[in-house]
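Visitor: I've got a model here and I'd like to talk through its aromatic rings. Could you walk me through it?

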Amino acid sequence: QNNMTRNFFISNYHSAWPIDHDDGSCYYSDMFNYLVYGGSKNYLGHSKKTGSNVFVYPDAVFSTSLGAGEGEPKSFLTSPYCASSAGAKTGQEASGWGEEWTDNTCVVGSCATVYDFTSCTAGHNTGLVPYTANNTFYTPYKRAYVDCGGTNTSFEAWQNRSYDVGSVVLGPVDTKTIIEFGRQLLGL
């Protein structure tokens, strides 16, 4: 297993994710990191643990040049979510299994959709979505949503389906507190 622990990452200069394991990666443990301007992603991989991290403003990563001409609105360079998982499938070429996203803190500035799970369905999702639990989300209006296969689901409905047990959605948090999250996490 590969461990990435106690790092401070700022996703800038058109980077897509603060930590971007290669597509199809497995056996990583990303723990106790402070990550700014990006969330966590899985694409075709499996067996990765993302836990006890602080994600700050994953919804703030805009591209000023990719696809945006003069006078055109800015577009997202990457998914503006706390966590994203795509390409998960079961069967002979299974991927997405063994993924965990737990005990994290995520502060969003405007986008209340905290997860983007493209392989999610309204029914049974074993192996198609990461195991999620004990996370804390700070959102502008104390509301959060999950993009489940293209359908926006309230966080409350998501939890009623037995996901994110122990997770909470709180209101906005000030800059001083966000900085203190990082200081405590990194021992500064």
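**Aromatic rings**

Visitor: Is Phe117 buried or exposed?
Guide: This is a predicted model, where local features need pLDDT of at least 70, side-chain atom pairs count only at pLDDT 80 or more, and totals for chains, interfaces and linings use all residues. Residues are numbered from 1 along each chain as its sequence is written, and side-chain values use heavy atoms, with hydrogens and water left out. Buried means under 20% relative accessible area, exposed over 50%, partly exposed in between (1.4 Å probe, protein chains only). At 1% relative accessibility, Phe117 counts as buried.

Visitor: How do the rings of Tyr115 and Phe117 pair?
Guide: Rings of Phe, Tyr and Trp (its six-membered ring) pair if their centres lie within 6.5 Å; planes under 30 degrees apart count as stacked, over 60 as edge-to-face and the rest as tilted. For Tyr115 and Phe117 we get 4.9 Å centre to centre and 20° between the planes, so the pair is stacked.

Visitor: And what about Tyr115 with Phe137?
Guide: Here the centres are 5.6 Å apart, with 85° between the planes. That makes the pair of Tyr115 and Phe137 edge-to-face.

Visitor: How many residues apart in sequence are the parts that this pair ties together?
Guide: Strands (E, at least two residues) are DSSP runs, numbered from the N terminus. Tyr115 lies in strand E13 (residues 113–117) and Phe137 in strand E15 (residues 136–138), so the parts tied together are 22 residues apart.

Visitor: Is Phe137 buried or exposed?
Guide: Its relative accessible area is 0%. By that value, Phe137 is buried.

Terms used
Helix = DSSP H or I, 4+ residues; strand = E, 2+ residues; numbered from the N terminus.
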